[in-house]
Amino acid sequence: MTSYNGKCHCGQTEWTVKLDKDKANHVLCHCDTCKILSGSAYTLNQIVPKDALSFSKGGDSLKHYTYQGESGKDVNCYYCPNCTSHVYHHQTVMGPDTVIVRTALLPQAVKEFQPSAEIFGRAKMSWEKEVAQTFDTLPPS
């Protein structure tokens with residue numbers, strides 16, 4: 001297991017996420033919500049156990065809001081109250097012990113990780129090329 005340090009845009013929030021070697025990659029999400037939140041064509045993510053994420057600065061100050069995900073269940077988005085960088089999301093449909101971290105906020109991951117999958121491919125923009133195995137919504141469990 002390797003530790004990766006992350007920080008928000010303003011530096012008010014800092015954290016470490018521990019990833020097994022098979023999780024040291026990006027899952028690209030093309031869903032409409034991720035496009036709206038990021039202002040981009042997709043977000044870079046990884047699904048991790050909640051206890052793999054620890055905060056060294058600002059973790060108690062994170063703000064959050066909730067929306068209904070594709071499943072109809074709540075998705076809680078946690079972000080820096082100052083710069084609004086989205087640190088992680090908790091999809092309640094995944095259970096209480098799993099979160100989704102934004103791997104684009106891990107400087108080492110930006111340099112080293114490769115895409116492993118693309119989710120919500122049905123919402124990809126027409127000009128986007130496939131860079132990893134693509135699922136219309138989520139991969140089968």
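**Close-ups of cores and ring pairs**

**View 1. Trp15, a buried ring in a predicted model.** Trp15 has a relative accessible area of 2%, and because buried means under 20%, this residue counts as buried.

**View 2. The tilted pair of Trp15 and Phe55.** When you look at two aromatic rings, the distance of the centres and the angle of the planes describe the pair. For Trp15 and Phe55, the centres are 6.3 Å apart and the planes meet at 55°, so the pair is tilted. Trp15 belongs to strand 2 and Phe55 to strand 5 (residues 53–57), so this pair ties together parts 40 residues apart in sequence.

**View 3. Another tilted pair, Tyr65 and Tyr67.** Here the ring centres lie 6.5 Å apart with the planes at 35°, so this pair is tilted. Tyr65 is partly exposed, with a relative accessible area of 29%.

**View 4. A cluster of linked rings.** Trp15, Phe55, Tyr78 and Tyr88 are joined into a cluster by ring pairs. The count of aromatic pairs comes to six.

**View 5. The largest nonpolar core, with 16 residues.** Val17, Val48, Leu53, Tyr88 and Val101 have the most contacts inside this core. Strand 2 (14–19), strand 8 (86–91) and strand 9 (98–102) each give two or more residues to it, and strand 2 gives the most, with three.

**View 6. The surroundings of Tyr88.** Leaving aside residues up to four places away in sequence, Tyr88 touches several residues, among them Leu53, Phe55, Leu62, Tyr78 and Ile100.

**View 7. A second, separate core.** This one has six residues, including Cys29, Cys31, Cys34 and Phe120.

How values were computed:
Residues are numbered from 1 along each chain as its sequence is written. This is a predicted model: local features need pLDDT of at least 70, side-chain atom pairs count only at pLDDT 80 or more; totals for chains, interfaces and linings use all residues. Side-chain values use heavy atoms; hydrogens and water are left out. A nonpolar core is a set of buried Ala, Val, Leu, Ile, Met, Phe, Trp, Tyr and Cys residues joined through side-chain atoms within 4.5 Å. Buried means under 20% relative accessible area, exposed over 50%, partly exposed in between (1.4 Å probe, protein chains only). Helices (H or I, at least four residues) and strands (E, at least two) are DSSP runs, numbered from the N terminus. Contact means heavy atoms within 4.5 Å. Rings of Phe, Tyr and Trp (its six-membered ring) pair if their centres lie within 6.5 Å; planes under 30 degrees apart count as stacked, over 60 as edge-to-face and the rest as tilted.
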